[in-house]
Amino acid sequence: MAVLEVGKKAPNFELPNQDEKIKNIENYNGKWLVTYFYPRDDTPGCTVEAQEFTEELDNFTNENAVIVGVSPDNAAKHCKFINKHELGVELLADTEKTMLSDYGVWQEKKMYGKTYMGVVRTTYLIDPNGLVAEVWTKVKARGHAKSVLERLKEIKG
């Protein structure tokens, strides 16, 4: 499945966050939702991305935006990751890979000549009405949070 197009309604989801609280898209109605998909907790790129989003948290909050990271890791692993790196972002556990598939980020990947299924680092900016406002694919972790924040400000005008 391809990534979602700008202007389309973002698919609903029901996933536990790091505290095992079930979240769905309606929990974020009326706010801008930055949803970033990443492969695994506590790997170098994923850690950088989560730390940079945490550093920019106040700036996103000032823009009426919420940041949510999504990976196939479970809630307990998310908790360890958050505590170890003092992260401020909410993390959703998509162990069944439902949301990853619905958002088109669970894709075939190749490394060292082997083909496997995995998360392609992707970020969606969803507007307060639940529509996709922007998409970043094949994201490079370092500096990404700042570019998402800048684009959010541009879109909002």
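Five bridges join strands S3 and S8, which run antiparallel. Strands here are DSSP runs of E with at least two residues, helices are runs of H or I with at least four, and both are numbered from the N terminus. Two strands pair if DSSP finds at least two bridges between them. This is a predicted model, where local features need pLDDT of at least 70 and side-chain atom pairs count only at pLDDT 80 or more, while totals for chains, interfaces and linings use all residues. Residues are numbered from 1 along each chain as its sequence is written, and side-chain values use heavy atoms, with hydrogens and water left out.

- Let's begin with S8, which covers residues 122-126 and is mostly covered, with five of its five residues buried. Buried means under 20% relative accessible area, exposed means over 50%, and partly exposed lies in between (1.4 Å probe, protein chains only).
- On one side of S8 you will find Thr 122, Tyr 124 and Ile 126, and on the other Thr 123 and Leu 125, all of them buried.
- Thr 123 has Trp 136 in S9 as its bridge partner.
- The hairpin of S8 and S9 has five residues between the strands, and there Gly 130 takes a positive phi near 85 degrees.

- Strand S4 spans residues 65-71, and seven of its seven residues are buried.
- Strand S3 (residues 32-37) pairs with S4 in the parallel sense over six bridges, and Trp 32 has Ala 65 in S4 as its bridge partner.
- S4 pairs in the parallel sense with S5 too, over four bridges. Here Val 68 stands opposite Glu 90 in S5.
- To get from S4 to S5, the chain passes through helix H3 (residues 75-85) in a right-handed β-α-β crossover. Right-handed means that, with the strands pointing away from the viewer, the path from the first strand over the helix to the second runs clockwise.

**Salt bridges**

- Side chains of opposite charge can pair when their charged atoms come close. A salt bridge is a side-chain nitrogen of Lys or Arg within 4 Å of a carboxyl oxygen of Asp or Glu, and the count by this rule is nine.
- One of them joins the side chains of Glu 56 and Lys 146, at 2.5 Å from N to O. This pair links distant parts of the chain, 90 residues apart: Glu 56 is in the loop between helix H1 (44-55) and helix H2 (57-62), and Lys 146 is in helix H5 (residues 144-156).
- Are Glu 56 and Lys 146 buried or exposed? Glu 56 counts as buried because its relative accessibility is 7%, whereas Lys 146 is exposed at 52%.
- Lys 156 and Glu 63 form another salt bridge, at 3.0 Å from N to O. They also link distant parts of the chain, 93 residues apart, with Lys 156 in helix H5 and Glu 63 in the loop between H2 and S4.
- Lys 156 is partly exposed, at 36% relative accessibility, while Glu 63 is buried, with a relative accessible area of 18%.
- Within helix H5, Glu 154 and Arg 151 lie three residues apart, about one turn of the helix. Their closest N and O atoms are 3.0 Å apart in a salt bridge.
- Glu 154 is exposed at 53% relative accessibility, and Arg 151 is partly exposed at 29%. Salt bridges with shared partners join Glu 134, Arg 151 and Glu 154 into one network.

**Two loops to look at**

- Thr 95 is in the loop between strand S5 (90-93) and helix H4 (98-102), and counts as partly exposed because its relative accessible area is 39%.
- Leaving out residues up to four places away in sequence, Thr 95 touches Pro 72, Asp 73 and Asn 74; contact means heavy atoms within 4.5 Å.
- Tyr 112 is in the loop between strand S6 (106-111) and strand S7 (114-119), and it is exposed, with a relative accessible area of 79%.
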